[in-house]
Amino acid sequence: MNGSGSIRYTDQEIIEHLRQSGIDKRRSEEELFNRFSYFIREGMTKHTLSEDEAFNAYSDTVLAALENIRNTHFESRASLKTYLYQIFHNKCVDLIRKKTTNKNSVHRSEIISDRLMQLSDSARSAVQKLIDQADWSRLREKLNELEEKCRQLLMFWGENYSDKEIASFLQYKTADVVKTSRLRCLDRLRKIYKAE
Amino acid sequence: MDNLDYIENYFTGEPEASLKKEFEERIISDPEFADEVAFYLSAKQVSGEVSRLEKKGQFKEIYQSKKKTASTPVRKLVYYFAAAAVAAGIIFGTYTITNTASPKEMANQYIQSNLQNLGVKMGGGADSIQDGLRLYNDGNMTEALATFEKIARADTSSFNAKKYAGIAALRLKEFQKALSYFEQLEIYSGYYSNPALLLQAVTLMERDQPGDLAKAKLLLQKVVDNDLEGKEMAVEWLKKM
């Protein structure tokens, strides 16, 4: 156990737990966040960020690392510390660049460019226009109005979890059941989002 | 919904050239379909963002809690003693009645002894939490659950809103929802009184479906192994399971 009363996992144990589901995964997420949270102080001293900015950079770092570990993009060539520090350093530099160039907002179509790039130019341009016109804060609000199970299904989907993984997290029998339920929830969200 | 399925298949699969062309032509010729494609992509992005924001909220709670701990060691001791006293009370109060009961009965007795009424704490958070607790203590479980869920959504870092929402769901026998809230509590390591695993075990014991008892045992064993809240209770229960 470490000083805070939780178990001290090795890098490999954390990675293995993060690639599974259940309690160990959650605990490992927490462990990963806690283990390098002193980076926040470094962001404040080395990069002269405010505490909130450094916290945001560090949280985004952990979230990015969690996704990369889950997707096996992280190949364990470096230690978790080195890996996270690289991401954190880049996030801090990005933040400073955004502050100095006043480029605080990113165009929506840039965020979802991967999927948009699958479309031909003319189709992409039509969809891009509609995405830019969409009211995302209303969409967020309506998502939060859905029943909890629906909300969870859509949030896992939004984080690129597969239907098989979601089935394991939310105790559905099969990935097919997840897909049907998820699309039903998405349809419900669309209806309440479109309703006046 | 058919269109959503069709849209999803396009973005998640590798459509043949003819299907790809048909899909893209439909976007250009059918504004409603184009709108559905834009909605699908926006909803995926927004859902992911909401999820990440919730996680960041939990990280913030942990971070602030750690900072508080570092600056107030005396308070830490007080919490430890308070938690120990509560745990001792719970054990003393339930030891005799759980001596011969089945897991479901033990869970039931735990709920009757410990979750029948929830203490309204002085200065224990936003007023609406207190409103929820009042509804809960008056037996208006559905309204109490709705109140706690609303707070949990508005303030995704609220440990108490999630804990009480889970407890209210448990009382309403909405077991899956209760488990979901209790699982979310696990990330709050900074809380000295965090019954996340114990409450999950109680929920599983109370639900008593195939496989639940085995999972409950594993959770209780983790409570014991990691010296978490409810350890003494978990030891007693494990002896009887």
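How closely do the axes of helix H8 of chain A and helix H2 of chain B approach, and at what angle do they cross? In this predicted model, local features need pLDDT of at least 70 and side-chain atom pairs count only at pLDDT 80 or more, while totals for chains, interfaces and linings use all residues. Residues are numbered from 1 along each chain as its sequence is written, and chains are lettered from A and ligands numbered from 1 in the order in which they are written.

The axes of H8(A), residues 121–133, and H2(B), residues 17–29, come within 9 Å and cross at roughly 45 degrees. (Axes are lines fitted to C-alpha atoms, for helices over the stretch in contact, and angles run from 0 to 180 degrees between N-to-C directions.) The two helices are therefore oblique to each other, a class left over once angles under 35 degrees (roughly parallel), over 145 (roughly antiparallel) and 65 to 115 (roughly perpendicular) are set aside. Here A:Ser122, A:Ala123, A:Ala126 and A:Val127 meet B:Glu24, B:Ile27 and B:Ile28, contact being C-beta atoms, placed from the backbone, within 7 Å.

Turning to chain A itself, there are 12 helices and zero strands (DSSP runs of H or I, at least four residues, and of E, at least two, numbered from the N terminus). Of its 196 residues, 32% are buried, that is, with 20 or more other C-beta atoms within 10 Å of their own. Helix H4(A) contributes several buried residues, including A:Phe55, A:Tyr58 and A:Leu66. Just after H4(A), A:Thr72 adopts a positive phi of about 60 degrees.

How values were computed. Buried ≥ 20, exposed ≤ 12 C-beta atoms within 10 Å, placed from the backbone. Contact = placed C-beta atoms within 7 Å.
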